[in-house]
Structure formats: C-alpha cells, structure tokens
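Subject: A structure for you to look at

Hello,

Here is the structure I promised to hand over. Please open it and keep it beside you while you read the notes below.

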Amino acid sequence: MTDNETAIVTGSVIHVSEFKWSKKVQGYVLSSFFWGYIITQLPGGYLATKYGGKNLFGGGVVLTAILALISPPSARVNEKFFITIRILQGLCEGVTYPAIHAVWSKWAPPLERTKLATFAFAGSYVGTVIAMPLSGVIADRIGWPWIFYIFGLLAIGWFILWCVFVSESPAKHRSISTAELEYIQVSIGYSPLQIQNQKPPIKSILLSMPVWAIVVAHFTENWGFYTLLTELPTYLKDFIRFDLYSAGFVAALPYFLMAIVVMLGGQLADYIRSKGLLKTTPTRKLFTGIAFIGQAAFMIATSYCTSKESSVACLTLAVGIGGLAWSGFSVNHLDIAPQFAGLLMGITNTIATIPGIASPIITGEVIPHKATTEWRAIFFTSGGIYLFGALFFTIFASGDRQSWAETPEGYEPQFDAVSETETLP
C-alpha cells in the first residue's frame, strides 16, 4: 500500500506511492486492529462461558470479513477512516479465542485436549502460510485491494460451513452416538447442564498464581509473535532487501514450520501424559520453557546474521519453535479450570494483546533509519521478554484443576435424560 510504483506524469517517469504514510503512521495502522481486539476479550470470555462459543466465534469471524470488504475504499478516504475500520475488525475478532476455548471445554477429553486444541490452533498458522505469499502475489499482479476482497469472501464462505457442521456441545450434535456422548462427558467430569449456573469465582481467579503464570506466558509469546507478524515482511524487504513478491513467500516459511510444530507438539504432549512419562504440570512447563528459550536464542542470533540465508534460517526457527508453547501455556486454561476456560482466555488474551498494540508503535519509533543497531534492539528486547516469561511460568504454572474450579459433583448421566436425549439419534 505504501510501496513506490512507476508512473508517468507530464511525460516524465516518476516513482510514487498511493499512500504516503510515515513509519509512525504505518505503526498505528498495524496496531489499530489490536485496540479493538483488546476490548472484547473479557466480554467475549464472559459471553462464551454463559451462552456458549459457537455462535460467538462464527459471528466474530463473519463480521470481520464484512469489514475487510470495505477496507480498501476506507483507506482511500483517509488513514483515520481506515484505522477506524481496523479497530472495528479487532472488536469482532476479540471474541474468537475465548469462544473457541469455551467450545473445546465441552468437546475435548482431558488426555486429548492438547492434540485437539493445537490441531485447531494450527489453522491460524496454516492461514498465515497461505495468506502471506498469496497476498504478495495478489498485490503484485492485481493490486492490494484484492487481498481484502478475496479473503473477506473466503471467510464468509467459511462461516456458512461453520453454521452447518459445528455444534455447541456433544449433547447438541445431531449424529453423535450415546456411547461417544457418555465417553466425552464422563472424561470431562461434568455436563454443560451441571455447570450452566456455576458463577465464576472472580476473586479466586485474580489471586491464582497459575492464572498469572498463563498471563505472563501469553504476553511473552505474543510480544515476539506480533513483533514478527507485523514487522517481518518489512524487515525482509527493507533490511534484507527481498522484493515484495519474494518477501511474502519467505515471510511464510516460519509460520509453515510453526504450524507443523504446533500439531506435532500437541500429539507429543498428550502421548507423554497418556503414557505416564510426565504429569500435566511438568509437561506444560517443559514445552513452554523449550519454546521460549529457543525463541530468545534464535531472535538474538538473527540480529548478528550477515546473509539472507542465515537471517531467514534463524527467523524461521525462532517462530517455528514457538509452536511448542501451544502445548504448554495455551491449553493450560483447560487444565486448571475447564468450565471457565473461555473466561480465562479472555483474561489472559486481554493482557496478551498489549504487545499487538505496543510492539508495532515501538518498532516504528526504534527503527526510523532501519539500521542494524535499531533492529538489534528490537530482537534483544524480545529475547529478554522470552527469558523472563520462561522463568515465571516454570515457577508458578500448574496443570492441576484448581480448588476454585471444582464442580459440586461428578458427571451424572441422568442430568441429560430430560433435556438432551431428544437430540440423540
């Protein structure tokens, strides 16, 4: 959107950009999505816990898609209008992670929740792998506005499929067998009907160190992730000197590796737990610690790379190894308080969204000249945050259900006899 393009004016060839936005303005444009995103985390968690996550998740995505379709004309009005649209997109997207955690809290048995949740979460990185290079191609061949139009229309098509195939809970699924329904709900330990009037113990949640361990870990991961997500194409294009077309493909490599690591990590974590090799608490700490320490090392190493190949290798490994953290802190909400997992995700993701707001703005201020020392400061800052997050999570995290999240009684099949069996075949 801000790249120079060749144009002929009064017979002379000149280079102009459609939007003459400074690095500071670009930082605000990139971060504005998160200004809205942070606001709806807690309301999204509350609504998902009380009313369920299916409709909230689908609605958040489809509204974001509609706003994507009107983004190009809004940008051409002025940057303030475009920033407003991006804030609204953030408001709509803010409910999605709390909502999907609420869905998994009803569907995922304890010893399967890591691989199920991480398999789903990997979709966001698969999407990034597809979107980054494809966006470069689209912008290069038919113009940047079509990035918004194509992905907006695809998301609307996805929403239709979501409404048709997804059910809020096992008991509401049209074709689930009685045996599978019983297996899921006995494994989880309660039915949705048993906990529908259970009020979240807000004071206990806010005083819980395992909750704060997730908060710190989530903030840590998002600082590095959002820094690279928003600035990696710029770094590749301006510092390593890739062209726009190549930068899109190269920027997708780290997320391709991360998608693979997220899925394999989930399988490995549940294998370790199911075989009794490690209990849940050390498993969560191990995967989070390896991810954060590895990311710190590779991000710092990136700042000393002197070639394209070494820079891309270190950046790819820095992002990719972070996929292990999704088998650590990111499913930990479901361990310590499954019935409140949506609300907990809303709390942790509220604070973890701060990097999405702050990082692009800080980066824009720190790298006005795009010098090596300026980029090095960015990478060292991220590395330091990763090391602190690894230490804090290792000390305070837990994989056990907390006392304030215990249900009054175990799963009782008769609770479903009147209100839910009519949904079964």
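First, some ground rules. This is a predicted model, where local features need pLDDT of at least 70, side-chain atom pairs count only at pLDDT 80 or more, and totals for chains, interfaces and linings use all residues. Residues are numbered from 1 along each chain as its sequence is written, and side-chain values use heavy atoms, with hydrogens and water left out.

**The whole chain**

The protein chain has 19 helices and two strands. Here helices (H or I, at least four residues) and strands (E, at least two) are DSSP runs, numbered from the N terminus. How many of the 425 residues count as buried? The share is 53%, where buried means under 20% relative accessible area, exposed means over 50%, and partly exposed lies in between (1.4 Å probe, protein chains only). A contact means heavy atoms within 4.5 Å. Among contacts between residues at least 6 apart in sequence, 81% join residues at least 24 apart.

**The cavities**

Searching the whole structure turns up four cavities of 30 Å³ or more. A cavity is a set of points, on a 1 Å grid over the protein atoms alone, where a 1.4 Å probe fits but cannot get out, and its lining residues have an atom within 4 Å of a point. Grid points are joined across faces, edges and corners, and a volume is the space filled by probe spheres set on the points.

The largest cavity has a volume of about 40 Å³. Which residues line the largest cavity? They are Glu221, Gly224, Phe225, Leu228, Met258, Gln295, Ala318, Val319 and Tyr386. Two elements give two or more residues to this lining, namely helix H12 (209–239) and helix H15 (308–320). H12 gives the most, with four residues. Sorted by class, the lining has six nonpolar, two polar and one charged residues. In this sorting, Ala, Val, Leu, Ile, Met, Phe, Trp, Tyr, Cys and Pro count as nonpolar, Asp, Glu, Lys and Arg as charged, and the others, Gly among them, as polar.

**The aromatic rings**

A pair of aromatic rings is described by the distance of the centres and the angle of the planes. Rings of Phe, Tyr and Trp (its six-membered ring) pair if their centres lie within 6.5 Å; planes under 30 degrees apart count as stacked, over 60 as edge-to-face and the rest as tilted. By this rule there are 29 aromatic pairs.

One of them is tilted: Tyr97 and Phe121 sit 5.8 Å apart, centre to centre, with 40 degrees between the planes. This pair links distant parts of the chain, with Tyr97 in helix H6 (residues 96–107) and Phe121 in helix H7 (residues 113–141), 24 residues apart. Phe121 is buried, because its relative accessible area is 4%.

Why is the pair of Trp144 and Phe148 called edge-to-face? Their ring centres are 6.1 Å apart and their planes stand at 85 degrees, so the pair gets that name. Both partners are buried, Trp144 at 8% relative accessible area and Phe148 at 17%.

There is also a charge over a ring, meaning that NZ of Lys or CZ of Arg is within 6 Å of the ring centre and within 35 degrees of the ring normal. Arg376 lies over the face of Tyr304, at 4.2 Å from the ring centre.

**A few single residues**

Gly356 is in helix H18 (residues 354–366) and counts as buried, at 0% relative accessibility. Leaving aside neighbours within four places in sequence, Gly356 is in contact with Ser31, Phe34 and Tyr226. The C-alpha atoms of Gly356 and Ile38 are 9.1 Å apart, although 318 residues separate them along the chain.

Phe33, in helix H1 (residues 23–37), is buried at 15%. Not counting residues up to four places away in sequence, Phe33 touches Arg86, Gln89, Gly90 and Glu93.

Beyond its neighbours within four places in sequence, Ile150 is in contact with Ile138 and Ile142.

Happy exploring!

Definitions and conventions. On a 1 Å grid over the protein atoms alone, a cavity is a set of points where a 1.4 Å probe fits but cannot get out, and a pocket is an open set with protein on both sides within 12 Å along at least five of seven lines; lining residues have an atom within 4 Å of a point.
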